[in-house]
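I opened the file to look up a few things and kept notes as I went. The entries follow.

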Amino acid sequence: MEITELIQITVNAISIGAIYALLALGLTLLFGIMDILFFAHGAMYMLGAYAAYYLCTKLGLNYFVALPIGVILIGLIGVVMEKGLFRPIRNDHVAIIFLAIGLNWFLESTGFVVFGLRPKPVASVFTGQAHFFGATISWERAVVVLIGLLAVLALYFFLMKTRWGLGMRAFAEDPLTAELQGISNDTVCSLGFLIGCGLAALAGLLVAPIFILTPTMGSHAVLISLLVIGLGGLGSIPGALISAFIIGIIESFGTSYLGADITWGMIFIFVIIFLIIRPTGIMGVVRE
Amino acid sequence: MTRVRPDPDRQGKFLGEMKAQQKSRLYFLGLFVLLGLVPLVLRSEYYLHVLIAMFYHVIYATTYRFILRTGQFHFGAHAFVGIGAYASVLLVMRAGWSFWLAMPAAGLIAAFFAVLIGYPTLRLKGIYFAIITWGFGDTLRFIYMRFKEPFGGPLGIFAIPGPNPITIPGLITIDFSQKTHFYFLALALMIVTLYILHRMEQSRFGLIFGAIREGDRLARAVGINIMNYKVLAFAVCSGLGAMAGSFYAHYTYYISPLDFSVLLTIYLAIYTVVGGQERYAGVIVGTVVLMLAGEVFAGYSHYQLLMYSGFLIVILLFLPGGLISLPGLLTRVGSRAEEKEGEKFRNDPA
Amino acid sequence: MLLEVRNLRIRYGKVEAIRGVSLDVEEGTLVTLIGANGAGKSTILKSLSGLVPPFAGEIRFQGQMLAGWKPARIVKAGMAQVPEGARVFAKLTVAENLQAGAYLRKDKEKVALDYQRVLRHFPILKERLNQKAGTMSGGERQMLAFGRALMNGPKLLLLDEPSLGLSPLLVHEIFKIIEAIKGEGVTILLVEQNARKALEVADKAYVFETGRIVFEGPAHELMDSEEVKKAYLGG
Ligand SMILES: Nc1ncnc2c1ncn2[C@@H]1O[C@H](COP(=O)(O)OP(=O)(O)OP(=O)(O)O)[C@@H](O)[C@H]1O
Ligand SMILES: [Mg+2]
């Protein structure tokens, strides 16, 4: 194997891993803070991708104008969902999971009805490729990596360094005691949905020029992100990042040497066997 | 410290529950007898088919619910139904087994996989279990698609033979050339499954699951090894579901990986919640009502899923006990109104 | 009167945990609620903080009716609580726990002063600022919870069994701190099982029994009362 080839595969791994990391970030946040396995994350991602199509391709907006609009819009949809649907049953964990499942497939089938079956194109903003150390990466993927990285850093900064982040972490541990400090549980949950759904939408908007848009892309993505956060350790953000890149590396090497479909089968089998042996994931997080 | 007082109210309730149980047992018996008579009057192949599909979906849904009731968030019912279908088809078509052997064998194989997956993962919180079972189901789907030999690849397996004929010399021959033969087989499978589940729920087993729902720690403190029970329940239910999957394969003559996607599990989850998971009757009602309603959109699967998931959301928010809780709720509302009426009367100064 | 409670009734489902309780807390005083397990002391504190809605009755704080107030609004109005069992945020550092206490406050300078005050009262916390709260001992956690509540900048501090599970030495220390904080002008409503200790420091006391007040009066009178002695002070 040549060294440039190795670099190329690693670059591909990073670009794949960044997408998975971005996908998993919001999901693991909602799980870590609110203990919700938010299946509808996939639907929000799908909506994000279609937002790119409608805002850019249909309305002709600049991609970088569409990006914040889409993220905020879908984040707000998340807030409305939290207030209208999740809040009334917040203390019933089983019902919440079913509700998230219902929402995901409700939005997916609505997507079929509204968006139709035909894949939708979104023109890529960046054409051409960047070169370094003999490896090439298309600019549009480089942008995904960059924005993904920024999102991770921003989320980390938000959680660790801001007052609201502190409130969220306090809430994650003990909602009642947080409430006693004046950290309103309602506000934290709304904020969590805003950020979680916003991140899902961001992932969708970013991949829209690269991937093929279909309404089922969400369910597929949710399974992948579940595997990512499961492998990483549920609720752990560093775990999600590590496992996203592990999966990115397997996928990148696998596709280069073995072909795409067998690689995905291997990833499934690898993750499932790993989880069967060590169900708490890489970071070993267990929440009672 | 809690004070323990004898609660006469509660004892009365307990006796009441016993009576209600006997009553519902009678209802079920009556229903089965009626269902047994259906083919005598109903000749339409279409309606028979709808009923047959209902029967095996009731098996999927009730076994799914049983696992749910052990406190595990099962997301891989499709995996085990699929194992049942593929295993029995391969045993019949490749190994030349009789269907009557292959079906239970397929159940055993699925149960084996259930133990393999369940043993390490069932001790964890339900969410992990959800991820692993879903991933397992999709891994299997990948394997079916990828390996043409022996799984038939993405196109699946065609021309699956029906069950071998049964001949009772001098009396009748059941050769599965008619829908009614399948009808009785499906009905019998459903009744056996419901009976097994019923017995499990009535036994020590069921009591333990009650305890599990109250909180794992409680049951553990009482010294019950929940793990073994959970694994056993998971294996038995997966095996029964797999046998229904085997029936499905030999009934439709054709299976493909698409039949065993996560959507199957989603549908079962929706049937369970919409009907109400507290009781068997709930799941059965959910399955029957939704499958009938789904017939309206037969062939338009997106609209069907739209309706089902919409139904699920509405039920979760407004009728947490599911459809089955509706009659009880209505009578309670009625009696509460009466109560109030009485109060007003008593408070009336005149 | 800083706090007035009138005919408060609280229900958990159909069970009435508090059945008509009235009590007063005068500004600058230390009032204690004592009573056996399950008498309903914590329930009262929870409802004062807005965590449990009352079924009937009224609560006035600084003359304002608290009916329908959210916990955050009550905290802002100047009522803080140290919940039963300390309940610090285990995965947050000591410093972050204290910051969480000042979550709602915008007055930066005052917060900084309160921070200094807390570290003065609880020097042990100063050494542990960057340690995760979950790794501390029971006594240290109690102090942290105490400090966190002080960071709320309260006029009225509700303490739910701060001495529970602590060694006699630590109990002594906690009570010294309670008196010191009272000396700084903070009004205190103290729930205690350790009735003797509580009556020693309190100005006024209420004795609870299954959701009702059975005795009330100046703390020293209760301490001398034969009945109270027999029932709550072990003879
Ligand atoms: N969330 C709840 N749901 C139902 N009942 C409750 C709840 N919280 C408390 N109770 C009941 O209300 C009564 C009063 O409880 P509370 O915790 O206020 O007592 P307490 O005086 O603080 O006791 P302790 O000294 O043990 O802390 C008890 O009988 C308790 O069982
Ligand atoms: Mg208490």
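I count a contact when heavy atoms lie within 4.5 Å. Axes are lines fitted to C-alpha atoms, for helices over the stretch in contact, and angles run from 0 to 180 degrees between N-to-C directions. Helices (H or I, at least four residues) and strands (E, at least two) are DSSP runs, numbered from the N terminus.

I noted that this is a predicted model, in which local features need pLDDT of at least 70 and side-chain atom pairs count only at pLDDT 80 or more, while totals for chains, interfaces and linings use all residues. Residues are numbered from 1 along each chain as its sequence is written, chains are lettered from A and ligands numbered from 1 in the order written, and side-chain values use heavy atoms, with hydrogens and water left out.

Entry: the sheet of chain C.
I looked up the strand order and found 6-7-8-3-9-10 in an open sheet of six strands with mixed pairing; two strands pair if DSSP finds at least two bridges between them. Strand 6 (79-82) and strand 10 (212-218) of chain C are the edges, and each has a single partner strand, so one side of each lacks a neighbour in the sheet. From one strand to the next the twist averages 15°. Strand 9 (residues 204-209) of chain C runs antiparallel to strand 10 of chain C, with six bridges between them. In that pair, C:Lys204 stands opposite C:Pro218.

Entry: helices on the sheet.
Helix 1 (residues 41-48) of chain C packs on the sheet and touches strands 3, 6, 7, 8 and 9 of chain C. Its direction makes about 145° with that of strand 7 of chain C. Helix 7 (residues 168-183) of chain C lies across strands 3, 7 and 8 of chain C, at about 155° to strand 8.

Entry: the magnesium ion.
Which protein donors does the magnesium ion (ligand 2) have? I found C:Ser42 (OG) and C:Glu84 (OE), 1.8 to 2.6 Å from the ion. Donors are N, O and S atoms within 2.8 Å of the metal (3.2 Å for Na, K and Ca); water is not among the atoms, so sites may look incomplete. C:Ser42 is in helix 1 of chain C, and C:Glu84, 42 residues apart from it, is in the loop between strand 6 and helix 3 (94-101) of chain C. Buried means under 20% relative accessible area, exposed over 50%, partly exposed in between (1.4 Å probe, protein chains only). C:Ser42 is buried at 14%, and C:Glu84 is partly exposed at 35%.

Entry: chain A.
I checked helix 8 (residues 185-207) of chain A, where 20 of the 23 residues are buried, so the helix is largely enclosed by the rest of the structure.
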